[in-house]
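Trainee: I would like to learn how to read a ligand site, and the pockets and cavities of a model. Please take me through one case.

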Amino acid sequence: MDSTSRWRAERTADGSFTLVSPEHGEACHSLAGAWTQARERYARPCRLRERALAGERRLALLDVGTGLGLNLAAAFAELEGTDAALDVLSLELEPDVVRAALALPLGEGGLARVLTPVRSGLAAALATGGGEFALGAGRVRLVFGDARRTLAAEREPALFDAVFLDPFSPKVAPELWQSDFLALVAARMGSRSVLSTYSSAVRVRAALLAVGLSVGLGPRVGAKSSGTLAGRGFELPGFDPRTARRLARKAFPGPNPAPGAESAGPFS
Ligand SMILES: C[S@@+](CC[C@H](N)C(=O)[O-])C[C@H]1O[C@@H](n2cnc3c(N)ncnc32)[C@H](O)[C@@H]1O
């Protein structure tokens, strides 16, 4: 069997497609809507458009788990009609998932228009085992390999304005939710950078707090629970005081909470 065909295509409720992993059977997106998730869970809450409209001309994004390129496409769609260029570092373990994504139907409505140039770029980068392609006024660099290694090996000292943390769940792929990797990511986040992820696990939120980020509630997407936002210098929707204390205790066990432990709530 062709290895790409092991990734099973599934149509989600908003008409866009996702892929299901042959390893553990987890889908790359919520079946309630892959494209909706990309826009509402990742592109919008990371405030790329807000920053572009405020006059920033160049923004940088770290995209963890390229997958079908939907989050990537949503980020570029978010900047349409602004003067900002977006530079993306997109990290993916499996060339096969990208290959399988290129064979999927484009989906409906505006998605096909936005996704077509992303797919062309991914196809070109895939053909050379990864690489860079232009997209709009910006560029995407697709790097294959385990993100723990590829991010650590990045020589460009760039700080990212936004991070899409979208690996498979901690249950089936714990490696990208662990403190070592999250610390690597946090070290690459600028002063107003926002990270978004679908996970609402206490363990994940506490780990983000422990690596020096403030954490807050992400948006609810469809019937899904709030994900998590993390970063520095932004006001984010906070947790209720009990949850904030619980997170701080988990992140900083011991009698004296570390400085910043109180910032599990809204950013100050
Ligand atoms: C939930 S899917 C991402 C969906 C994607 N963001 C999109 O917009 O279509 C998770 C992706 O993370 C990739 N992945 C899993 N482990 C990884 C690792 N250690 N390093 C980099 N990518 C990894 C998977 O192959 C998969 O494509």
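**Ligand shell, pockets and cavity**

Mentor: By class, the shell around the ligand comprises nine nonpolar, seven polar and five charged residues. Here Ala, Val, Leu, Ile, Met, Phe, Trp, Tyr, Cys and Pro count as nonpolar, Asp, Glu, Lys and Arg as charged, and the others, Gly among them, as polar. This is a predicted model, where local features need pLDDT of at least 70 and side-chain atom pairs count only at pLDDT 80 or more, while totals for chains, interfaces and linings use all residues. Residues are numbered from 1 along each chain as its sequence is written, and side-chain values use heavy atoms, with hydrogens and water left out.

Trainee: Which residues come nearest to the ligand?

Mentor: A residue is near a molecule if one of its heavy atoms lies within 4 Å of it. Of the 21 residues around the ligand, the nearest are G65, N71, E92, A147 and D166.

Trainee: Where does the ligand sit?

Mentor: On a 1 Å grid over the protein atoms alone, a cavity is a set of points where a 1.4 Å probe fits but cannot get out, and a pocket is an open set with protein on both sides within 12 Å along at least five of seven lines; lining residues have an atom within 4 Å of a point. A molecule sits in one if more than half of its atoms lie within 2 Å of its grid points. The ligand sits in the largest pocket. That pocket has a volume of about 860 Å³, and among its 45 lining residues C28, D166, P167, F168 and Y198 are the closest to its centre. A volume is the space filled by probe spheres set on the points, which are joined across faces, edges and corners.

Trainee: Which element gives the most to the lining of the largest pocket?

Mentor: Helices (H or I, at least four residues) and strands (E, at least two) are DSSP runs, numbered from the N terminus. α1 gives the most, with three residues. The lining divides into 18 nonpolar, 18 polar and nine charged residues.

Trainee: What about the second largest pocket?

Mentor: The second largest pocket holds about 240 Å³ of space. α5 gives the most to its lining, with four residues.

Trainee: How many cavities of 30 Å³ or more does the structure hold?

Mentor: The structure holds one. The largest cavity has a volume of about 60 Å³, and its lining includes S16, F17 and R119.
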